[in-house]
Each structure stands twice: as C-alpha cells, then as structure tokens.
Amino acid sequence: MNDQDYVLDKVRQAFKAAFDVDPQSLSMDTTTSDIPAWDSVGHLSLASNLEEAFGISLDVDELMEMESVREIVRIITPKVSKKV
C-alpha cells in the first residue's frame with residue numbers, strides 16, 4: 001500500500017466518524033456538495049478527526065483548501081510521508 005492509498009483509507013474512516021457515511025462510497029472526486037452534512041461545522045469535525053487519525057496539525061490555509069477528498073489526500077500525504 002502506497003502513502004496515498006494509506007491516506008485515502010484513513011480519510012474515509014474520518015469521514016465515517018464525522019458524517020456517518022459509508023467509507024466505500026467516497027472517492028477522490030467526492031466534494032463538499034456530495035455530503036449534505038459537510039458544512040462549516042461538519043468541516044471542523046472532519047478536520048478534528050483527520051488531525052487525530054494522522055497525528056498531525058492542519059493550518060487555516062490547508063483547511064480552506066479541503067473542499068474535496070482529492071485535496072484532503074493531497075494535503076495530508078506529504079505530512080504522513082515525513083512521519084514514516
């Protein structure tokens with residue numbers, strides 16, 4: 001499993017925790033408009049779950065860019081790669 005697959009798997013679990021969605025229903029193309037609960041409050045819950053799952057911190061700019069699963073994976077993958 002490469003870093004991106006590992007990150008995607010954990011991102012899916014964070015979505016399940018934040019929004020109670022089926023992790024397998026998420027793809028790299030999933031965006032905020034695909035998940036009704038992914039509003040500003042939901043975004044904070046998701047960010048908290050991501051930070052906890054990966055043991056990382058996300059800054060405001062990164063949070064603002066996280067409007068799709070693809071962007072989340074793009075932002076988190078380098079952080080995880082550095083930790084391994």
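Reader: Is phenylalanine 54 buried or exposed?

Author: The model is a predicted one. Residues under 20% relative accessible area count as buried. Phenylalanine 54 has a relative accessibility of 7%, so the residue counts as buried.

Reader: What is the geometry of the pair formed by the rings of tyrosine 6 and phenylalanine 54?

Author: A search of the whole structure finds four aromatic pairs. In the pair of tyrosine 6 and phenylalanine 54, the ring centres are 6.4 Å apart and the planes stand at 80°. Planes over 60 degrees apart fall in one class, so this pair is edge-to-face.

Reader: How many residues apart in sequence are the parts that this pair ties together?

Author: Tyrosine 6 belongs to helix 1 (residues 3-19), whereas phenylalanine 54 belongs to helix 2. The pair therefore joins parts whose separation in sequence is 48 residues.

Reader: Which residue has its charged end over the ring of phenylalanine 54?

Author: The charged end in question lies 5.6 Å from the centre of the ring. It belongs to lysine 10.

Reader: By about how much of helix 1 are phenylalanine 15 and phenylalanine 19 separated, and why?

Author: Both residues lie in helix 1. Because they are four residues apart there, the separation is about one helical turn.

Reader: Which backbone oxygen lies 2.8 Å from a polar atom of the side chain of histidine 43?

Author: Histidine 43 lies in helix 2 (residues 40-54) and, at 15% relative accessibility, counts as buried. Leaving aside neighbours within four places in sequence, its contacts are Trp38, Leu63 and Met66. The backbone oxygen at 2.8 Å is that of leucine 63.

Notes
Residues are numbered from 1 along each chain as its sequence is written. This is a predicted model: local features need pLDDT of at least 70, side-chain atom pairs count only at pLDDT 80 or more; totals for chains, interfaces and linings use all residues. Side-chain values use heavy atoms; hydrogens and water are left out. Helices (H or I, at least four residues) and strands (E, at least two) are DSSP runs, numbered from the N terminus. Buried means under 20% relative accessible area, exposed over 50%, partly exposed in between (1.4 Å probe, protein chains only). A polar contact is a pair of N or O atoms within 3.5 Å; within protein, one must be able to donate a hydrogen and the other to accept it, and residues adjacent in sequence count only if both atoms are side-chain atoms. Contact means heavy atoms within 4.5 Å. Rings of Phe, Tyr and Trp (its six-membered ring) pair if their centres lie within 6.5 Å; planes under 30 degrees apart count as stacked, over 60 as edge-to-face and the rest as tilted. A charge sits over a ring if NZ of Lys or CZ of Arg is within 6 Å of the ring centre and within 35 degrees of the ring normal.
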